[in-house]
Amino acid sequence: MVGLVHERTATRPRWQETEHIFGYIRRLDPCSIIGISNIGKSALMRQLRDPEVQRDHLGADADQLALVYIDCNRMLEMSDQGFYELVLRCILDQLRDLVQERGIDGDLRTAYEAVVSPPSPFHVPLSFNQAITILVKQLGRELVLLFDEFDAPLARIDGRVFLNLRALRDQYLRQLTYVTATDRRLSEIRGGEDVGEFNELFAHYRYYLGPLNEEDARRFIAAFTEREPVTFGDADVQFILEWAGGHPGLLEAVSRELGLVTGQPVRDAIQDRIIHRQVAERLASSLNVRSECAKVWRHLTEVEQQALLALFDPGRRPDPIGLTSLQQKRVLVSNGDDPRLFCRAFTEYVQRQHLVQRPEARGIVVDVDSGEVYVDGKPTPALTNLEYRLLLLLYGRMGKICDKYTVVESVWGEAYIDEVDDARIEKLVSRLRQKIEPDPSNPRYLITVRGRGYKLVGG
């Protein structure tokens, strides 16, 4: 048995996390799963629904449960009727064999039809409750409703839905429970009397889902190489782990950026270093990487965002409440007394946010996530594509000299090395200075280093 469990642990992701959640389910406790955007909550919820996974974790107890996965993104409308319809639709789809075996499929179908086409609004919650009552009394199993993507329904639909869910749970305490998956704690999504009693169910049953552990992250990268025409060596895998941590969305984005450069050929250590340096510079402007980081950032609370910004400001002390919350969500990982973010890509994203949001921001600031450029806190005129690419190259190497070869390679592309001459580069530099320099004839920020190239300085 030990050998079998070890084998399954080695082939399934998030074994420990799944085991922990099944601990709640086995006791019929409610559970609120909280995790940052694209951290893998939906994958975990679908895994809970898998009968084979249930047997691995619960053994014979799995036959005492009926788990129903409900993706709230599938609601036909954001209303109480839309919510009740989806729940009953999922139950009828996923428990089809069980309800037919128990001879209750006809009654459940009648209740479903009454929710879809009610004689009056009053019949919507009434028919839903009748269906749940039939299930808990006649199914012969404890009912577990897995609510995925639960943020929007909790925030937007009628609070009486949640009062009703709480009442059903209280009535059938040992026969019915709920698991929710959200980006934020339930109380942060919505407070107040109409949802307070429902949120209270989960007050002591929260589980914070963090990034994949290293073993699972390596397995994720291996799966990427199997479906894409790329070859990743050990150094490549370390590079991906450094930049993406165990965040599945970032693992995919960084692997894709690296794969665009490496392709399938096997490389030596020197080639790896050159490629990794090139890709590291590309990641800041990668649409996929920026999108993943922006989603994580947007779903943090204001307190959490300010605590992160304070980490990069020597003059500010991070809010301890915000830091604690970030540690719970595994956005911050422990490194002794020096907390660090879970991956390098998000670290650099937060650093850019800090630069952009400084009220006293001076010099050149590029918000690569919006494409906006600021000089001394004021937006510049729109830059052309070539001007922006040149500025982004210099900005990523602030204070360092970029020779003309590097400028051509990064701005125009390697194929133009023999076509772009010094005069063309200087014209581009001149046009850029017209837009970012207070006095283009006496540049303060974009400096020419005679005989060596160009550099951007803070001013």
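Reply: In this predicted model, α5 (80-94) and α8 (123-138) each supply at least two residues of the lining of the second largest cavity, where helices (H or I, at least four residues) are DSSP runs numbered from the N terminus. A cavity here is a set of points on a 1 Å grid over the protein atoms alone where a 1.4 Å probe fits but cannot get out, and its lining residues have an atom within 4 Å of a point. The second largest cavity is lined by Leu88, Ile91, Leu92, Leu108, Ala131 and Leu135, with α5 giving the largest share, three residues. This lining divides into six nonpolar, no polar and no charged residues, with Ala, Val, Leu, Ile, Met, Phe, Trp, Tyr, Cys and Pro counted as nonpolar, Asp, Glu, Lys and Arg as charged, and the others, Gly among them, as polar. About 30 Å³ of space lies in this second largest cavity, a volume being the space filled by probe spheres set on the points, which are joined across faces, edges and corners.

Residues are numbered from 1 along each chain as its sequence is written. Local features need pLDDT of at least 70 and side-chain atom pairs count only at pLDDT 80 or more, while totals for chains, interfaces and linings use all residues, and side-chain values use heavy atoms, with hydrogens and water left out.

Terms used. 1 Å grid on protein atoms, 1.4 Å probe; cavity = no way out; pocket = protein on both sides within 12 Å on 5 of 7 lines; lining within 4 Å.
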